[in-house]
Amino acid sequence: MSMHGAGDGPPGAQTGKFGKPRTRISAADESAQRAANADAPVIPNLLGRIAELFAPHRAALTLTVVLVLVAAALSVIPPLLTQRAFDDGLFPVDPSGEITAPNLSVLAWTVGAMIAVYLISALLAVWQTWLTSTIGNKVMGALRVRMFTHLQSMELSFFTRTKTGVIQSRLQNDVGGVASVLTNTVSSVLGNTVTVISAFIAMWLLNWQLTLVALVLMPFMVIAQRRVGKVRARIAGQTQESLSEMTAITQETLSVSGILLSKSFTRQQNEIDRYADENRNQIGLQVRQQMTGQWFFAMVNIFMSSIPAIVYLVAGLLIANGAPDVTAGTIVAFTTVQARLLFPLMALMRVSLDLQTSSALFARIFEYLDLRPAITDAPTARDVASGPLLGRVEFEDVTFRYPDATDEATPTLDGVSFAIEPGQYAAFVGPSGAGKTTVSYLVPRLYEATGGTVRFAGDDVRELRHGSLVDSIGIVSQETYLFHATIAENLRYAKPDATDAELEAAARAANIHETIVSFPDGYDTTVGERGYRLSGGEKQRIAIARVLLKDPPVLVLDEATSALDTISERVVQQALDDAARGRTTIAIAHRLSTVVAADVIFVVVAGRIVEQGTHGELVGANGVYASLYRQQEHVPVLSGPSADG
């Protein structure tokens, strides 16, 4: 049986509080980004917690702030030096007001000073980038490991109600965005603010009349650019959606399962047409985006050219009216400073959105970090004790509802009691959705019983250290999961320090050694994604070998052969029977033929044990088990078409 079979899994799987993906949207699409920010959770003392993350890097952060302030202040010095170069170096004026020959000494030191400022600014920028990148990536790396560690501690129900893509998005997109917060938000906001203030001060010192002209015209320029930018942002959003759709089509159709499906139904052309249609849509959007970008930059060029031109006109009027402080150097320096204002101003208009986006990013991260695992070790938890009771499993009046179920819902298990002695082979059978697999979840405490007591080796599982409990139990399920690695690496997942001899012994016990050595690379054979290079029976026997390498006193078999063909089932069942010798075995079975030799069989119906006994006793009782057994024994075998059609 799969982790959650029909009717036997938690209700509402794939939904719930964490079922809604919150992906980080491109900052260009402001309306979408604001909507995503509004959807972010509310975290108390968010700023304080963010500060705690960066606290270990306090000295480096202080140095970064100083570098940003110094670099921003230095950026307005070259225009002032430009004024001196023009007025005192290139076109000096004598006391009579006549322009004389260039003053090379003044020109030399102003040019040298400008080069020095540019060099210092470049070095400071490199230093600042290194600091922000180092701090941001260290915080991101620590957060990523912290979240991954925290997710490993979460109970199974969290993963059954949360989509895998949502979890991956938190780890990759949200945590991955932390590194850019320091560079793209904090440094940018601080640097742009200082740049704008310094530029306006410099402009005012150069000429206050021209500064007023620029202040009047600048907002029109910024507003026009923002309007064109919004159009481009909408197209960019549509382009990203189209790219996402193409990516989804690629993942669906070019995965191993997707290729098998399309080939088995000869639907390759349909998939090609679907991809081609979306590709045509993508081409159109890309062209529109490029053309809108051209209009965007055309507007920028128009305004960039217009404001200096108007400044020249106003400067001419001032000179014509005898203004003594308007010189050629003043005009050149002024337009140079004014040109530096455009992009910092536009960036500052997004300060609110940038800060909200960064806060939302951290809020989504802390939302996951604040989750508390439903299953934790008690302060006095102890290891599973070895002794005569090791391998004994007992349920005492156990009731269980899945976490998403309402109080009014019928319990998945209701008043279940049984005892399995060390070394016994116990089977749980019954209709689909009866609660059989749930029993196998409660033994290793993957879920917490709602009521009653689950005991392992004589102790309440809530009083045992969870790691020790799980180490004492081996699980073989219907869905065998193998990593995209070698057979040896997959086996060593159970015991990283296992020797080659131990691998071979486990493989022989699982009846898979001869098959492995028949491969050209033997134990170094790569199994492929989810083991696709192996047959179902081979994968299952490798899974059995992996459990045997762990050598647990209790073995849980959750419909381990239900997905196999008859021949593979016989081979795997023989391996399972060998593995079960000398250890307590709990088998969840759909095919009753696989458990007829069990020491005790529990029949589960609607969450209750209605019958128990050996195969012979239950068949003789002529109850539910006998009925199920007769139904399976008399299922007609469908043959191929006869010769006469």
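This is a predicted model: local features need pLDDT of at least 70, side-chain atom pairs count only at pLDDT 80 or more; totals for chains, interfaces and linings use all residues.
## Strand pairing around strand 4

Strand 4, which spans residues 451–456, pairs with strand 1, residues 393–400. The pairing is antiparallel and extends over 5 bridges. Within this pairing, Gly-451 of strand 4 has Thr-399 standing opposite.

Strand 4 also pairs with strand 5, a run covering residues 459–460. This second pairing is likewise in the antiparallel sense and comprises 2 bridges. Here Arg-455 stands opposite Asp-460, the latter belonging to strand 5.

## The hairpin of strands 4 and 5

Strands 4 and 5 together form a hairpin, with 2 residues lying between them. In the turn, Ala-457 adopts a positive phi of about 55°.

## Packing of helix 17 against helix 19

Helix 17 (residues 500–509) packs with helix 19 (residues 536–550) at an angle of about 125°, and the two axes are 8 Å apart. An angle from 65 to 115 degrees would count as roughly perpendicular and one over 145 as roughly antiparallel; helix 17 and helix 19 are therefore oblique to each other. The crossing in which helix 17 passes helix 19 is right-handed.

On the side of helix 17, the contact involves Glu-502, Leu-503, Ala-506, Ala-507 and Ala-509. These residues meet Ala-545, Leu-548 and Leu-549 of helix 19. By class, the residues of this contact comprise 7 nonpolar and 1 charged, with no polar residue.

How values were computed. Residues are numbered from 1 along each chain as its sequence is written. Side-chain values use heavy atoms; hydrogens and water are left out. Two strands pair if DSSP finds at least two bridges between them. Helices (H or I, at least four residues) and strands (E, at least two) are DSSP runs, numbered from the N terminus. Axes are lines fitted to C-alpha atoms, for helices over the stretch in contact, and angles run from 0 to 180 degrees between N-to-C directions. Angles under 35 degrees count as roughly parallel, over 145 as roughly antiparallel, 65 to 115 as roughly perpendicular and the rest as oblique. A crossing is left-handed if the near helix is turned anticlockwise from the far one by less than a right angle, and right-handed if clockwise. Contact means heavy atoms within 4.5 Å. Ala, Val, Leu, Ile, Met, Phe, Trp, Tyr, Cys and Pro count as nonpolar, Asp, Glu, Lys and Arg as charged, and the others, Gly among them, as polar.
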